[in-house]
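Good morning, and thank you for making time for this presentation. Please look at the sequence and the structure as they come up on the screen.

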Amino acid sequence: MLKELWDKGLAVRKEVLGAEYVERNLKAADDFNMPMQELVTQSCWGWLWARPQLPRKMRSLVNLGLLSALNRPHEFKTHVKGALTNGCTREEIREVLLQVAVYCGMPAGVEAFRLAREAIAEHEGAKRA
């Protein structure tokens, strides 16, 4: 079962976040943090993200709200890029971040907008390259 979740999760993770990003993370893993890579790949991507009940676009928007509220800037930027890959528009992302600002506080919203602008610019730059 773990092998099945790993394979499924690795495929979904690469589709959403990009194969280069995922491979870079796996290559950098050592015996200390490889179990975390396995947990993320199997649980988040192989089990949760592979479930058909919510489309990836919706999962991306939910993640952006959660990661903003939790103040996880690195993961947030990664998931902004993933959201764009999953078909989320800049307007949809903006609406989620406005909701974050109202429900989680203006500092969380301001920071999320700043990080999202950076991630969008990076994503668009990578598409042009």
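What you see is a predicted model. The mean pLDDT of the chain is 96, and 99% of the residues score at least 70. Helix H6, residues 90-104, has the highest confidence, at 98, while helix H7, residues 106-128, has the lowest, at a mean of 94.

Helix H1 comprises residues 2-17, 16 residues in total, and its first and last C-alpha atoms lie 21 Å apart, close to the expected 22 Å. Which residues of H1 are buried? They are Leu 5, Trp 6, Gly 9, Leu 10, Val 12, Arg 13, Val 16 and Leu 17. As a general point, an α-helix has 3.6 residues a turn, so residues three or four places apart point the same way. The partners against which the buried residues of H1 pack are helix H2 (19-28), H3, H4 and H5.

In helix H2 I would draw attention to Leu 26. Leu 26 counts as buried because its relative accessible area is 15%, and the cut-off is under 20%. Setting aside neighbours within four places in sequence, Leu 26 contacts Trp 6, Leu 10, Arg 13, Met 34 and Gln 37. Of these, Trp 6, Leu 10 and Arg 13 are among the buried residues of H1. By contrast, the C-alpha atoms of Leu 26 and Glu 118 are 24 Å apart, with a separation of 92 residues along the chain.

I turn now to helix H4, residues 56-69. Its 14 residues reach 20 Å from the first C-alpha to the last, close to the 20 Å expected. Buried in H4 are Arg 59, Ser 60, Leu 61, Asn 63, Leu 64, Gly 65, Leu 67 and Ser 68. Their cover includes helix H3 (34-48), helix H5 (73-85), H6 and H7. After H4 comes Asn 71, where phi is again positive, near 55°.

How many residues does the largest nonpolar core have? It has 16, and Leu 64, Phe 76, Val 80, Ile 93 and Leu 97 have the most contacts inside it. H4, H5, H6 and H7 are the elements that give two or more residues to this core. The largest share, five residues, is that of H7. Apart from this core lies another, of ten residues, including Trp 6, Tyr 21, Trp 45 and Trp 49.

Leu 97 gives a local view of the largest core. Beyond its neighbours within four places in sequence, Leu 97 is in contact with Ser 68, Phe 76, Gly 109, Ala 112, Phe 113 and Ala 116.

Not counting residues up to four places away in sequence, Lys 77 touches Leu 115, Glu 118, Ala 119 and Glu 122.

Finally, the aromatic side chains. A search of the whole structure gives one aromatic pair.

Thank you; I would welcome your comments.

Key: Residues are numbered from 1 along each chain as its sequence is written. This is a predicted model: local features need pLDDT of at least 70, side-chain atom pairs count only at pLDDT 80 or more; totals for chains, interfaces and linings use all residues. Side-chain values use heavy atoms; hydrogens and water are left out. pLDDT is the predictor's confidence in each residue, from 0 to 100. Helices (H or I, at least four residues) and strands (E, at least two) are DSSP runs, numbered from the N terminus. The expected span of a helix is 1.5 Å times one less than its number of residues. Buried means under 20% relative accessible area, exposed over 50%, partly exposed in between (1.4 Å probe, protein chains only). Contact means heavy atoms within 4.5 Å. Rings of Phe, Tyr and Trp (its six-membered ring) pair if their centres lie within 6.5 Å; planes under 30 degrees apart count as stacked, over 60 as edge-to-face and the rest as tilted. A nonpolar core is a set of buried Ala, Val, Leu, Ile, Met, Phe, Trp, Tyr and Cys residues joined through side-chain atoms within 4.5 Å.
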